[in-house]
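Here is my note on the structure shown below, written as numbered points. Please keep the model open beside the text and look up each residue as it comes.

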Amino acid sequence: MTSNENRLSRILAFLDSTYPDARIVLDFKSPFQLLVATVLAAQCTDDRVNQVTPGLFGRWPDAAELSKATQDEVEAVVRSTGFYKNKAKAVRALAAALVADHGGAVPGDLDLLTKLPGVGRKTASVVLGGCFGKPALPVDTHVGRVSYRLGLTVSNDPVRIEQDLAGAIPAARWWDFTTRLGWHGRRICTGRKPLCDSCGLEPICPKNGLASK
Ligand code: SF4
């Protein structure tokens with residue numbers, strides 16, 4: 001085993017033991033709801049989205065219902081998530097496309113998901129891993145930041161980071177790894193002030209990109 005492989009296996013073991021119950025932070029009851037919640041989470045915190053979605057899904061629980069909502073109605077509900085005009089437009093278009101192309105169901109396939117309006121690779125990966133149990137490595141801001149600091153990638157580009165992680169980690173572990181790394185990023189390896197003194201990965205972390213290492 002090389003030193004890099006040894007370091008990675010220590011990172012995986014730390015995440016497994018520290019965050020065994022890690023899960024998606026967004027609340028949802030169906031693939032459709034996770035898809036919409038993930039779109040709303042762009043440039044917004046997951047906690048804020050969770051405050052909005054009970055009202056949204058209470059009124060329009062599925063694609064068929066949301067596709068009938070007006071722009072003004074949806075804007076009023078998603079307003080506090082920011083960029084609400086664009087987001088209302090996006091989730092209405094998404095619902096309409098699901099009804100038109102998939103009978104209102106969410107497809108469990110990366111290519112089909114990324115053909116839907118407003119659905120990028122990260123959003124599609126969240127739904128594939130979170131609802132369909134498929135190997136998926138969604139790279140959000142937390143996963144990207146912590147991967148870089150830990151030296152698991154030298155890139156800040158989410159697609160490149162995903163490639164680097166996918167090449168190093170067995171596919172069967174992708175989903176748990178990204179979920180747990182995201183939790184570590186939210187709790188310890190935070191954006192502005194990472195708590196390195198309290199971090200169990202400190203002895204093996206190069207702290208790339210941090211001013212004082
Ligand atoms: S040691 Fe610091 S930079 Fe490295 S993972 Fe822990 S909190 Fe993040």
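1. The largest cavity has a volume of about 100 Å³, and a search of the whole structure finds 1 cavity of 30 Å³ or more. Of the 15 residues that line the largest cavity, those closest to its centre are His184, Cys189, Cys196, Cys199 and Cys205. The search runs on a 1 Å grid over the protein atoms alone, where a cavity is a set of points at which a 1.4 Å probe fits but cannot get out, a pocket is an open set with protein on both sides within 12 Å along at least five of seven lines, and lining residues have an atom within 4 Å of a point. Grid points are joined across faces, edges and corners, and a volume is the space filled by probe spheres set on the points. By class, the cavity lining has 11 nonpolar, 1 polar and 3 charged residues, where Ala, Val, Leu, Ile, Met, Phe, Trp, Tyr, Cys and Pro count as nonpolar, Asp, Glu, Lys and Arg as charged, and the others, Gly among them, as polar.

2. A word on the basis of these values: this is a predicted model, in which local features need pLDDT of at least 70 and side-chain atom pairs count only at pLDDT 80 or more, while totals for chains, interfaces and linings use all residues. Residues are numbered from 1 along each chain as its sequence is written, and side-chain values use heavy atoms, with hydrogens and water left out.

3. The chain is assigned domain 1 (3-22 + 137-204) and domain 2 (31-105), with bounds that come from an automatic or database domain assignment. The centres of domain 1 and domain 2, taken over C-alpha atoms, are separated by 30 Å.

4. Where does the largest pocket lie? It lies between domain 1 and domain 2, because both give residues to its lining. The volume of the largest pocket is about 700 Å³, and of the 30 residues that line it, Thr38, Ala41, Asp46, Lys122 and Asp140 are the closest to its centre. Helix 2 (31-40), helix 6, helix 8 (121-131), helix 9 (141-149) and helix 11 each supply at least two lining residues, and the largest share, 6 residues, comes from helix 11. Helices here are DSSP runs (H or I, at least four residues), numbered from the N terminus. The lining of the largest pocket divides into 13 nonpolar, 11 polar and 6 charged residues.

5. The structure holds 9 salt bridges, each being a side-chain nitrogen of Lys or Arg within 4 Å of a carboxyl oxygen of Asp or Glu. One of them joins the side chains of Glu73 and Arg59 at 3.5 Å, N to O; this pair links distant parts of the chain, with Glu73 in helix 5 (residues 71-78) and Arg59 in helix 3 (residues 46-59), 14 residues apart. Glu73 is partly exposed, with a relative accessible area of 29%, and Arg59 is partly exposed at 44%, where buried means under 20% relative accessible area, exposed over 50%, and partly exposed in between (1.4 Å probe, protein chains only).

6. Lys85 forms a salt bridge with Glu75, with the closest N and O atoms 3.7 Å apart. This pair also links distant parts of the chain, Lys85 lying in helix 6 (residues 84-102) and Glu75 in helix 5, 10 residues apart.

7. Lys207 forms a salt bridge with Glu202, the closest N and O atoms being 2.8 Å apart. Salt bridges that share partners also join Asp16, Arg173 and Arg180 into one network. Arg180 sits in helix 11 (residues 174-187) and counts as buried at 12% relative accessibility. Its contacts, meaning heavy atoms within 4.5 Å, include Leu15, Asp16, Tyr19, Pro20 and Ala22, once neighbours within four places in sequence are left aside.

8. Finally, please check two backbone angles. Most residues other than glycine have a negative phi. Gln43, in the loop between helix 2 and helix 3, has a positive phi near 55 degrees and is exposed at 69% relative accessibility. Lys207, in the segment after helix 11, has a positive phi of about 55 degrees although it is not a glycine, and Lys207 is buried, with a relative accessible area of 10%.
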